[in-house]
Amino acid sequence: MQSKDCESVISDSLSNTEKPKTKAALVIFSLLVILCTAETLPFLKSSAIPSYARDNGFLLVALGAIVVVIAEKGKIKPNKAITAFLPFAFIGSISTVVMAIFLNGQTGELFGVTPIEAVGEGLLWLWFDVIIIIFVTYAYAHCSLKLLNRIFDALLIFALFFGTIQAGVWLGIPWFSAAFDVTDIGGWFSIFEKVAPNRISVICSEPSSVGKTFGLLLLPYCYCRAANGDGKKYSAAFVALLILAYMTKSTTVYVTVAFVVIAILLLRIRGKKSKLFYAVTSILLAIMLVCSVFLVTSGDNAGTADISETVQTVLGKITDTTNQSTAYRNSTIINDLEIFKSYPILGVGDGNQGFFYAQNLPSWVLATGSGEAARALSGGVGVLNGGAFIPSLFSGYGFVGCVLFAVWLVSCIQMAFANKEGMGHFYEMFFISLFACAPICWMAIGFQGAPVVVFLILCMPTLGTAIGSNQGIDSTAVHMEKKKKVNRC
């Protein structure tokens, strides 16, 4: 039986065994993967919709969870990913309430809000994370390798299509501007008009958010497909993504791409038959190709700035104490770390970090004239939460919460080891993306606000675990995949 026949067997197996409502959950899951890092859909931007619901991920997870509950008639069997996360959710909730009560008599009100009131939203988001894990693990468990490949291929086409159009505008090619106007239905990607022609945002809400789409999803996916012999088109896509990543001129994107590259190198060095030379050579060639493209297209438009100058400028923002966006981002992280020093055991409860922001704010942040910092101090955004994912864990839940979250993370890694055959090339992608999560979770995605893409990565080891024929078909396909296009079944 050839490759296509094997894939049809997998598809037929799903058709014969999955419930119609489970298929509906997989459709929603497909849209979730494609849209979770994309700019908010135009119809969700209405002021009539609550601010917390103006998010693609929130909407799709909520719909998906409802479908799962209906499909399973309320009897959802918890897997290891769910049961390992629950201790963190339960104890984190208890510690949050305890610390809110304690701080209520210590800090008083801030902008008319007490610590007990301030943690309410954080508690809701914490338990929404549980719902995310329930839906994502359910969908992964009922998803085949073939289906997940198609989902990521659709995301890749989606990103390359809009990224290429924006790149054309970036390079000053006239008709690309007209093409963008035609394809920007409902002003979905109007943010590009604000950053163009100096930067691109691809399908995201801002250039820095491209780090999530490329660093956590597409670059690891393309590399793993190419490394497993799935055609030169994925190698070409990997290079194209690198070019588009350069055009974002974003510190977050550059750092995340660097983490992806480092993860790939580490993965190859760890292998029994190291392909380090192949990996290094490929990456160097990709970098040379990127440089060549921009040197060849040098002219008078905005896309022809000196590459070394651009890279130095963007990467210099990491330690730049005069850049306003960097200043505000660092100020919340500094606040989180200072809180952790003062309340190391339980933290202060996620949502109460704003009570300490003024006293922990470095003077150099104010010196930058950061409007975001000024709004935070004046109460323009209410009481601040912890901000970024990892710093929020430290300040909101303390050492106890961090340990419990780490236990859950370790359990996810153990599941990956146990399901290595069933995951196929997504096994390597999991570890590459997990490594790339570090900079994203440190500075580019919050713990509150449905951080769906993070859980898409961390829950990936549950892939295919509910498919009865998973071990019989998918594992065989994975084994034969390693034989480089030999008959699979």
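Guide: Helix α6 (residues 145–170) and helix α10 (residues 232–248) pack with their axes 10 Å apart, at an angle of about 45°. Helices here are DSSP runs (H or I, at least four residues), numbered from the N terminus. This is a predicted model: local features need pLDDT of at least 70, side-chain atom pairs count only at pLDDT 80 or more, and totals for chains, interfaces and linings use all residues. Residues are numbered from 1 along each chain as its sequence is written, and side-chain values use heavy atoms, with hydrogens and water left out.

Visitor: What does that angle make α6 relative to α10?

Guide: Angles under 35 degrees count as roughly parallel, over 145 as roughly antiparallel, and 65 to 115 as roughly perpendicular. The rest count as oblique. The angle here is about 45°. So α6 is oblique to α10.

Visitor: Is Ala167 buried or exposed?

Guide: Ala167 sits in helix α6. Buried means under 20% relative accessible area, exposed over 50%, and partly exposed in between (1.4 Å probe, protein chains only). Ala167 has 10% relative accessibility, so the residue counts as buried.

Visitor: Which residues does Ala167 touch, not counting those up to four places away in sequence?

Guide: Contact means heavy atoms within 4.5 Å. The C-alpha atoms of Ala167 and Leu244 are separated by 7.1 Å. The residues touched by Ala167 are Ile200, Leu244 and Met247.

Visitor: How many disulfides does the structure hold?

Guide: Cys143 is buried, at 0% relative accessible area. Cys402 is buried too, at 18%. A disulfide needs a pair of cysteine sulfur atoms within 2.5 Å. The number of disulfides is 0.

How values were computed
Axes fitted to C-alpha atoms, helices over the stretch in contact; angles between N-to-C directions. Helix = DSSP H or I, 4+ residues; strand = E, 2+ residues; numbered from the N terminus.
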